[in-house]
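Work through the exercises below with the structure open. Try each task before reading its solution.

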Amino acid sequence: MSDHTSAAQATDNSEPTSVAMDMQDERIIRQEGIAGAIRAFGKRIRAGNLGSLPIVAGLILIWIVFQLLNSKFLSADNLVNLTLQCAALGTIALGVVVVLLVAQIDLSVGSLSGVASAVLGVTFVQMNWPIWLSLLAALALGALIGFFYGYLYTRFGVPTFVITLAGLLGFLGLQLWILGPTGTVNIPFSSWIVQMATSTFLPPWVAYTITGLTVIGIIISDVRKAQRRVKAGLSSVALSLTIIKAVVILLVAVVAITYLATDRGIGVTFLLFIALSALVGFLLNRTRWGRWIYAVGGNVEAARRAGINVKAIYISALMVGTTLATLGGLLAAARLTAASISSGGGTTNLTAIAAAVIGGTSLFGGRGHAWSALLGIFVIQSIFNGLTLLSLDSSVRFMVTGAVLLLAVIIDALSRRARASHGQA
């Protein structure tokens, strides 16, 4: 691996240089290869770009503590339950991540998920609609509500905090009205959506195949990205780093699948959550829409002056948030085999928003990624699950979760301060 030397070495002669254009700036001195990647990682940490490191370290610490306190915590049976518990709420949190990236908030995701479950229960069970039509109606309603939120915000300038707070109350009433006097609609256990959410698991060979194809896709994607950057005269990630990343992902996935397969294996709903996270991650990182999302969340005025249709970005982000909230509500109703007045209630709102923030999404917008929802919901559900195994009261659960959320926000604030001191805010 050849090292990039300083800009002085790259530009102190008139002969053509092989140094990439983005490395010819004297302020950017970086070495390529594994050693260069390690040094660059150290620089990012010192500059406050912590990424997912605090949450990953915290999750490992939580798992170690609960395993020491109760040997059943890391059993295959309990981890399978943990993945199933994460799917529905994680899907809702995924939508919250997109909304937070544009520096907005949606306080109504819990009520929306409850409305979606009510629509599914009433139309599918009481009105005998085909189930695909019930699901489509619920998702379309979610998208329409997101568009309405976005229109109110961009047309009248009403803060999304107020709009969605009104939505929280309004859709709670709509949920009660749809469910009627009984307040509960049981979804047949024999329906495919309930079967999928409760008792459908991937055979190990299918999980291994999906993992292999995913790793191959990552390698191809990274290689093509490197080729495009080289063609444009920019620096690129070395092939050795791409291979190391792929091998690490493959090993972690194979070990996890093999261990979970000793019980029931990977649930289909959890696979759906992972697939949605990957899809949203792709849209955010590899498409123009995603770049505009980060641009608007980072500096809305600069984005507007750059010609980005800011209003359309706000509306689309809110539509993604509400649609994923309704999808999460449908998954939750399927897992509980019922739509009731308690669906989407309780702490659903706070848990989904807390998961997005704990996972690393900034409340100030412009920073975070789709996998924040996965990491955050694993932390919260691990705390809930571990404290339940210890038979501790709900009061302890809420206090611990609140402390973790506060710690995540403090880390985010300190990280922003560190980046500002390094001229990267």
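**Exercise 1. The largest cavity**

Task: In this predicted model, find how much space lies in the largest cavity, and which residues line it.

Solution. 
- Step 1. The largest cavity holds about 30 Å³ of space. The structure has one cavity of 30 Å³ or more.
- Step 2. List the lining. L84, A87, A88, A197, T269, L331 and R335 line the largest cavity.
- Step 3. Sort the lining residues by class. Five are nonpolar, one is polar and one is charged.

**Exercise 2. Helices in the lining**

Solution. 
- Step 1. α4 gives the most, with three residues in the lining.

**Exercise 3. α5 against α6**

Task: Describe how helix α5 (residues 109-126) and helix α6 (residues 131-156) pack. Are they roughly parallel or roughly antiparallel?

Solution. 
- Step 1. A packed helix pair is described by the angle between the two axes and the distance between them.
- Step 2. Read off both values. The angle between α5 and α6 is about 150°, and their axes are 9 Å apart.
- Step 3. Angles over 145 degrees count as roughly antiparallel, so α5 is roughly antiparallel to α6.
- Step 4. The crossing of α5 with α6 is right-handed.
- Step 5. Name the contacts. From α5 come L112, V115, A116, V119, L120, T123 and F124; they meet I131, S134, L135, A137, A138, L141 and I145 of α6.
- Step 6. Classify them. The contact of α5 with α6 has twelve nonpolar residues, two polar and no charged.

**Exercise 4. α5 against α7**

Task: Find the angle at which α5 and helix α7 (residues 160-179) cross. Then give the handedness of the crossing and the residues that meet.

Solution. 
- Step 1. The two axes cross at roughly 15° and come within 8 Å.
- Step 2. Angles under 35 degrees count as roughly parallel, so α5 is roughly parallel to α7.
- Step 3. α5 passes α7 in a left-handed crossing.
- Step 4. On the α5 side, the contact uses S111, L112, G114, V115, A118, V119 and V122. On the α7 side, it uses G167, L168, F171, L172, L174, Q175, I178 and L179.
- Step 5. By class, the contact of α5 with α7 divides into eleven nonpolar residues, four polar and no charged.

Terms used. Residues are numbered from 1 along each chain as its sequence is written. This is a predicted model: local features need pLDDT of at least 70, side-chain atom pairs count only at pLDDT 80 or more; totals for chains, interfaces and linings use all residues. Side-chain values use heavy atoms; hydrogens and water are left out. On a 1 Å grid over the protein atoms alone, a cavity is a set of points where a 1.4 Å probe fits but cannot get out, and a pocket is an open set with protein on both sides within 12 Å along at least five of seven lines; lining residues have an atom within 4 Å of a point. Grid points are joined across faces, edges and corners, and a volume is the space filled by probe spheres set on the points. Helices (H or I, at least four residues) and strands (E, at least two) are DSSP runs, numbered from the N terminus. Ala, Val, Leu, Ile, Met, Phe, Trp, Tyr, Cys and Pro count as nonpolar, Asp, Glu, Lys and Arg as charged, and the others, Gly among them, as polar. Axes are lines fitted to C-alpha atoms, for helices over the stretch in contact, and angles run from 0 to 180 degrees between N-to-C directions. Angles under 35 degrees count as roughly parallel, over 145 as roughly antiparallel, 65 to 115 as roughly perpendicular and the rest as oblique. A crossing is left-handed if the near helix is turned anticlockwise from the far one by less than a right angle, and right-handed if clockwise. Contact means heavy atoms within 4.5 Å.
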